[in-house]
Amino acid sequence: MSTPPVATSLVVMLVTGLLGMQPLSTDLYLGSLPNMADDFEVGAAAVQLTLSVFIGGFALAQLLAGPLSDRFGRRPIALAGCAVYLLACIASAVAPSLQALILARLLQSLGACAAVICARALVRDLYAPAEGARVMSRALGWMTAVPLLGPIAGSWLQYAFGWRANFVLMALAGALMLWFCWRHMPETNAYLNPRATSLSGLAQTYWRIARSADFRAYTLIAAGAYCALFTFLAGSSFVAVRVLGLPAQHFGLLFGSVTSGFLAGTLVTRRILPRLGINGTIRAGGLVTASAGCALALLELAGLINVYLLALPMFFVFFAHGLLQPTSQMGAMGPFPREAGAASALTGCCMSLGAVGTGLWVGASYDGTMRPLAFTVAGFTCLTALFAFGLLKRQASPQH
């Protein structure tokens with residue numbers, strides 16, 4: 001089976017939409033978390049379970065979604081994921097209790113996971129690692145519209161109609177992606193593997209991938225950068241609204257201004273990647289993210305924190321994320337063209353499991369100040385820089 005020629009513009013549109021289902025599911029309703037806590041009469045840690053359960057389900061489901069796409073193809077798994085996502089969004093919108101909402105969010109994570117895994121694998125099916133990183137960077141740049149505009153829309157939906165309206169909007173987006181994939185998504189997996197989902201085949205494939213020094217290096221970088229970003233996702237609404245006194249309907253403006261850093265990072269990545277290569281771009285991102293994270297911690301220690309001084313360092317953390325994510329993800333999948341789904345799944349699982357622990361920590365450590373958030377961001381950004389300069393230098397080979 002040969003891979004059909006696919007226009008890069010169509011690839012970018014497909015990947016943008018499929019990848020966007022994850023940040024839409026996590027970012028759109030962030031400004032509603034304090035109101036949801038009041039509505040269900042629970043604390044911050046309890047309502048943040050709707051976020052942590054989503055990420056946890058997303059993490060574990062990848063280990064199956066990736067091999068399923070290696071066996072049956074990207075198209076059918078993406079379509080199934082979009083359908084499950086749509087149904088779960090509707091269930092979330094009408095959930096009568098926090099427990100029902102958490103269950104619906106778990107189901108939603110399964111659908112979003114299948115979509116994201118197929119998007120990453122589709123890029124690896126069609127392109128070599130360096131070119132794939134450039135295509136992924138383009139898609140991530142367009143996808144930035146979701147975390148940039150989503151929280152703004154979500155905050156105003158919350159203000160006008162309540163938190164359930166956020167899940168109605170997610171359902172509409174899921175329906176749109178289901179239609180678009182049905183009409184336009186080709187099958188790009190040229191190496192359908194009937195043994196991809198057998199227990200012995202799964203174990204052998206994941207063991208072979210995990211043994212790769214390149215894979216471990218790039219995956220640790222991707223996970224560290226994502227945990228730093230997820231710290232802000234999990235804790236920013238409570239810090240901004242309850243600690244810094246920002247009106248809930250303005251939270252989206254804060255989040256959007258920070259997220260614009262990610263868009264800037266992806267634009268810069270496309271310019272510097274041909275010159276610096278994957279590893280050089282990652283090291284540049286490591287320097288930026290560690291500097292920004294340390295600046296946030298120092299501002300907190302000096303007592304100089306307000307909404308603006310929170311947004312500025314986090315802008316550069318998100319900027320660095322735009323350098324780190326497309327390069328590290330494609331670097332991790334690079335050695336495995338025939339198991340791109342499984343490699344994407346294992347990378348994503350590691351990222352998401354790290355985010356689950358981060359989310360639980362952010363909820364448990366919230367003490368009415370910004371200190372836990374600032375120090376956690378600083379810790380993860382410094383770890384990411386250490387991985388970028390230590391592991392890549394010793395272990396990973398440059399990929400051009």
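The numbered points that follow concern a predicted model.

1. Helix 1 (residues 8-27) packs on helix 7 (residues 129-143), with the axes 8 Å apart and at an angle of about 55°. The two helices are therefore oblique to each other. The crossing of helix 1 past helix 7 is right-handed.

2. On the helix 1 side, this contact is made by T8, V11, V12, V15, T16, L19, G20 and P23. Helix 7 contributes V135, M136, R138, A139, L140, W142 and M143. Sorted by class, the contact has eleven nonpolar, three polar and one charged residues.

3. Across the whole structure, a search finds 14 aromatic pairs. In one of them, the ring centres of F232 and F318 lie 5.9 Å apart with the planes at 80°, so the pair is edge-to-face. F232 belongs to helix 11 (residues 213-243) and F318 to helix 13 (residues 307-333), so that the pair links distant parts of the chain, 86 residues apart. Both F232 and F318 are buried.

4. F238 and Y366 form a tilted aromatic pair, 5.8 Å from centre to centre and with 50° between the planes. This pair also links distant parts of the chain, 128 residues apart: F238 is in helix 11, and Y366 is in the loop between helix 14 (340-365) and helix 15 (371-394). F238 is buried, at a relative accessible area of 1%, whereas Y366 is partly exposed, at 27%.

5. One aromatic cluster is formed by Y29, F40, W163 and F167.

Note on methods: Residues numbered from 1 in each chain as written. Predicted model: local features only at pLDDT ≥ 70, side-chain atom pairs only at ≥ 80, totals over all residues. Heavy atoms only, no water. Axes fitted to C-alpha atoms, helices over the stretch in contact; angles between N-to-C directions. Helix = DSSP H or I, 4+ residues; strand = E, 2+ residues; numbered from the N terminus. Parallel < 35°, antiparallel > 145°, perpendicular 65-115°, else oblique. Left-handed = near helix turned anticlockwise from the far one by under 90°. Contact = heavy atoms within 4.5 Å. Nonpolar A, V, L, I, M, F, W, Y, C, P; charged D, E, K, R; others polar. Phe/Tyr/Trp six-rings, centres within 6.5 Å; stacked < 30°, edge-to-face > 60°. Buried < 20%, exposed > 50% of the residue type's maximum accessible area, 1.4 Å probe, protein only.
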